[in-house]
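This report describes selected features of a predicted model. It treats helix packing, strand pairing and aromatic contacts in turn.

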Amino acid sequence: TAIGIQMANFDITINKALDLTTIRFSGKVLASEIIDAIQSFYQSEITSKVLWDFLEGDFSAMPSSDLTVIVDAAKSLSDMRPGGKSALVGSSDLLFGLARMYASLAEVMSHPIANRAFRSKEEALAWLNRQD
């Protein structure tokens, strides 16, 4: 059973059976929209695994300095998802680079959720479903 939430630049699909939420972005992406998605996720059925799908997102208007604000927003709610894992997927060099910067920054800022960047959904899902 999947639950769907549709917003302007992103949609959220929750699959409780797989304990997986997919948050898919398209078009221009701003930090405020990512924070909206984080808040929407934590206001719905929380899953331990999240796939952030940025494959159709355009990050050209978002400065990398905004990543700190996003990590802060995610970290402030992370106690609601102990042991959680987030996979960030972006195929372009820019998207993959931003996703890797986010994951590194989250670690430096002691964000308790495991964050990792991937270039494909297949790799991301394999990591999310692996029992560490």
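## Helix packing

Helix 2 and helix 3 cross in a right-handed manner. Their axes, those of helix 2 (residues 67-77) and helix 3 (residues 93-108), come within 10 Å, with a crossing angle of roughly 55°. Angles from 65 to 115 degrees would count as roughly perpendicular and those under 35 degrees as roughly parallel; helix 2 and helix 3 are therefore oblique to each other.

On the side of helix 2, the contact is made by Leu67, Thr68, Ile70, Val71 and Ala74, and on the side of helix 3 by Leu98, Met101, Tyr102, Leu105 and Ala106. Sorted by class, the contact of helix 2 with helix 3 comprises nine nonpolar residues, one polar residue and no charged residues.

## Strand pairing

Strand 2 (residues 10-15) and strand 3 (residues 20-28) run antiparallel and are joined by six bridges. Phenylalanine 10 has phenylalanine 25 of strand 3 opposite it.

The hairpin formed by strand 2 and strand 3 has four residues between the strands, and aspartate 19 in this hairpin adopts a positive phi near 55°.

## Aromatic pairs

Seven aromatic pairs are present in the structure. One of them joins phenylalanine 25 and tryptophan 52, with 6.2 Å centre to centre and 20° between the planes. Planes under 30 degrees apart count as stacked, and the pair of phenylalanine 25 and tryptophan 52 is accordingly stacked.

Phenylalanine 25 belongs to strand 3 and tryptophan 52 to strand 4 (residues 49-58), so this pair ties together parts that are 27 residues apart in sequence.

Notes. Residues numbered from 1 in each chain as written. Predicted model: local features only at pLDDT ≥ 70, side-chain atom pairs only at ≥ 80, totals over all residues. Heavy atoms only, no water. Axes fitted to C-alpha atoms, helices over the stretch in contact; angles between N-to-C directions. Helix = DSSP H or I, 4+ residues; strand = E, 2+ residues; numbered from the N terminus. Parallel < 35°, antiparallel > 145°, perpendicular 65-115°, else oblique. Left-handed = near helix turned anticlockwise from the far one by under 90°. Contact = heavy atoms within 4.5 Å. Nonpolar A, V, L, I, M, F, W, Y, C, P; charged D, E, K, R; others polar. Pairing = 2+ DSSP bridges. Phe/Tyr/Trp six-rings, centres within 6.5 Å; stacked < 30°, edge-to-face > 60°.
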